Amino acid sequence: MSGLLVRRAEPADFPAVARLTVAAYEADGQLKGENGYAVVLADVAGRAETGEVLVAVDEPTGAVLGAVTFVLPGTPYAELAGPGEAEFRMLAVDPAAQGRGAGAALARACVARAVELGCTAVVICVRDGMAASARRLYDRLGFVRLPEKDWSPLPGVELLGLRRALTAEG
């Protein structure tokens with residue numbers, strides 16, 4: 001994971017974030033039959049207005065390798081977060097940069113941000129049948145399945161709720 005920096009996205013990063021997010025979702029088969037979700041994924045400026053878009057950057061080259069959107073309950077992109085919880089959405093790593101630790105670094109940064117803000121938990125939703133590597137990452141980070149948070153935004157799209165309880169140390 002050396003050479004990776006996680007920071008808040010700047011407007012100059014938005015085109016790269018849009019491109020890599022759509023590319024990662026496409027590569028993972030998550031946009032098949034979806035009407036309009038690629039447009040939502042590409043609207044980085046919209047996400048940045050109501051949440052925090054974080055990027056994982058390759059320090060030597062400055063290339064944006066991955067991105068995630070961190071949100072709080074009651075904001076437009078929050079789907080599962082309740083009182084005291086934070087949520088992250090749209091975690092994506094450029095398909096060409098996968099395996100370098102960017103996804104884990106971004107997820108850890110969201111957990112750290114939630115601790116900083118005094119949240120009691122972090123919640124996420126993941127697509128049923130997601131890549132095994134993603135499931136392993138969330139398991140390693142202490143996320144546990146919360147079936148009562150499962151939901152379906154569209155017929156045939158099942159999202160599973162995961163939650164990680166936080167302590168003051170994370």
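Predicted model: local features only at pLDDT ≥ 70, side-chain atom pairs only at ≥ 80, totals over all residues.
The cores come first. The largest nonpolar core holds 31 residues, and the members that touch the most others are F88, Y138 and F143. Two or more residues each come from β2, β3, β4, α4 (102–116), β5, α5 (132–140) and β8. Helix α4 puts in the largest share, nine residues. In general terms, nonpolar side chains tend to be buried together in soluble globular proteins.

Setting aside neighbours within four places in sequence, F88 is in contact with V68, T69, F70, A107, C110, V122, V123, I124, Y138 and F143. Two of those partners, Y138 and F143, are the residues named alongside F88 as touching the most other core members. There is also a second, separate core of 19 residues, with V53, V57, Y77 and A92 among them.

Next up is helix α1, which covers residues 14–27, 14 residues in all. From first C-alpha to last, α1 reaches 20 Å, close to the 20 Å expected at 1.5 Å a residue. Its buried residues are F14, V17, A18, L20, T21, V22, A24 and Y25. Among the elements covering them are α2 (37–42), α3 (44–50), β2, β3 (64–71) and β4.

Strand β4, residues 85–93, carries R89. Is this arginine buried or exposed? R89 counts as buried because its relative accessibility is 9%, under the 20% cut-off. A polar atom of the R89 side chain sits 2.7 Å from the backbone oxygen of Y77. Y77 also turns up in the list of residues that R89 touches, together with Y37, V68, T69, V71 and E79, once residues up to four places away in sequence are left out.

With a relative accessibility of 4%, M90 counts as buried. Its backbone is worth a look: M90 is not a glycine, yet it has a positive phi of about 55°. Most residues other than glycine have a negative phi.

Over in strand β2 (residues 52–58) sits L54. L54 has a relative accessible area of 9%, so it is buried. Not counting residues up to four places away in sequence, L54 touches V6, R7, R8, A9, G66, A67, V68, L106, A109 and C110. As for P76, which is 22 residues from L54 along the chain, the two C-alpha atoms are separated by 17 Å.

That leaves the strands around β8. Strand β5 (residues 121–127) and β8 (residues 157–165) pair in the antiparallel sense over seven bridges, with L162 of β8 as the bridge partner of I124. Strand β6 (residues 144–145) also runs antiparallel to β8, joined by two bridges, and here V144 stands opposite R163. Strand β7 (residues 151–154) pairs with β8 in the antiparallel sense too, over two bridges. In this case W151 stands opposite L159. The hairpin of β7 and β8 has two residues between the strands, and G156 takes a positive phi near 85° there.

Conventions
Residues numbered from 1 in each chain as written. Heavy atoms only, no water. Helix = DSSP H or I, 4+ residues; strand = E, 2+ residues; numbered from the N terminus. Buried < 20%, exposed > 50% of the residue type's maximum accessible area, 1.4 Å probe, protein only. Polar contact = N/O pair within 3.5 Å; in protein donor to acceptor, adjacent residues only side chain to side chain. Contact = heavy atoms within 4.5 Å. Expected span 1.5 Å × (residues − 1). Pairing = 2+ DSSP bridges. Core = buried A, V, L, I, M, F, W, Y, C linked by side-chain atoms within 4.5 Å.
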